[in-house]
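Reader: Could we go through this structure together, starting with the overall layout and then turning to side chains?

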Amino acid sequence: LDLNITPFDPLRASSFLEMPNKFKRKRGYVNIENDDQKCFIWSVLAHLHPVYSNAERVSNYMPYENELNMDGIELPVKISAIDKFEQQNPTISINLFGLSDSDTLFPIRIADETKQNHVRLLFISNEDSKHYVLIKILSALACNQINRTYRKKWICDNCLNPFSSEGVLNK
C-alpha cells in the first residue's frame, strides 16, 4: 500500500495578472501582486504613495487603504464605477487605457478634467480575470507603437500622439 500526500491548494479567484511579454522589460508601470480583488485600490494608492523599492508589494500600500472613499463601489471595480469613484474622491482623476490583441495601447476612459492627483491605469484581462496596473510613465509603454527611436517623447492621453516636448504637448 502506497500513500502519497500532497498539499491541497484549490484554485482561487485572483485579480493579479502578469504583464504581456512585450511589456515585461519596460519600466513605466507598477503591477501590484495582489491576491484579492482590490487591484484598483492598490494601483491608485501606488500613485499617491510612491515606493521605490519593491513597489509591486501590497504591504507597501495597506496602511493607506482607508484614505480612499469606496462607499457604494463594488469590488472588483467596474469601469463604469470610475466616475463615481472620482466624485467621491474629488482630488483624483483617472485615465484608463487598454491593450488590443496586438498589444498596442488605446484609451478606454479619459477623465473630464485633470485634477491634483491624475492617475493613469492600464486595464488588462484574460479569460478568467481582469487587473488594473498603474502607469507611471505613459511614454515608456506607448513609445514603441508610435516611434522606433529612443528619444524621449511626451504622449497625449487622448490620442496617444507623440510630441517632442512638454510645451508642445500642452499647446
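Predicted model: local features only at pLDDT ≥ 70, side-chain atom pairs only at ≥ 80, totals over all residues.

Reader: How many helices and strands does the chain have?

Author: The chain has 4 helices and 7 strands. Helices (H or I, at least four residues) and strands (E, at least two) are DSSP runs, numbered from the N terminus. Along the sequence they follow the pattern β-α-α-β-β-β-β-α-β-β-α.

Reader: What is the strand order in the open sheet?

Author: The order is S1-S5-S4-S2-S3, an open sheet of 5 strands with mixed pairing. Two strands pair if DSSP finds at least two bridges between them. Strand S1 (29–30) and strand S3 (105–109) are at the edges with a single partner strand each, so one side of each has no neighbour in the sheet.

Reader: And how do S4 and S5 run relative to each other, parallel or antiparallel?

Author: They run antiparallel, with 6 bridges joining S4 (residues 117–125) to S5 (residues 130–135). Leucine 121 has leucine 134 in S5 as its bridge partner.

Reader: What about S2 and S3; how many bridges there?

Author: S2 and S3 pair over 4 bridges in the antiparallel sense. They form a hairpin with 5 residues between them, and aspartate 103 in the turn has a positive phi of about 60 degrees.

Reader: Which strands does helix H1 lie across?

Author: Helix H1 (residues 39–48) lies across strand S2 (92–99), S4 and S5, and runs at about 5 degrees to S5. For such angles, axes are lines fitted to C-alpha atoms, for helices over the stretch in contact, and the angles run from 0 to 180 degrees between N-to-C directions.

Reader: Changing topic to electrostatics: how many salt bridges are found?

Author: The whole structure has 3 salt bridges, each being a side-chain nitrogen of Lys or Arg within 4 Å of a carboxyl oxygen of Asp or Glu. One of them joins glutamate 65 and lysine 38, at 2.5 Å from N to O. Glutamate 65 is in the loop between H1 and helix H2 (82–88), and lysine 38 is in the loop between S1 and H1, 27 residues apart.

Reader: Where do the partners of aspartate 83 and arginine 109 sit?

Author: Aspartate 83 and arginine 109 form a salt bridge whose closest N and O atoms are 2.6 Å apart. Aspartate 83 belongs to helix H2 and arginine 109 to strand S3, so the pair ties together parts 26 residues apart in sequence.

Reader: Is arginine 109 buried or exposed?

Author: Arginine 109 is buried, at 10% relative accessible area, whereas aspartate 83 is partly exposed at 44%. Buried means under 20% relative accessible area, exposed over 50%, and partly exposed in between (1.4 Å probe, protein chains only). Arginine 109 also meets glutamate 86 in a salt bridge of 2.7 Å, N to O. Both glutamate 86 and arginine 109 are buried. Through shared partners, Asp83, Glu86 and Arg109 form one network.

Reader: Which residues does phenylalanine 85 touch?

Author: Leaving aside neighbours within four places in sequence, phenylalanine 85 is in contact with residues including Phe40, Val44, Leu68 and Ile94. Contact means heavy atoms within 4.5 Å.

Technical notes:
Residues numbered from 1 in each chain as written. Heavy atoms only, no water.
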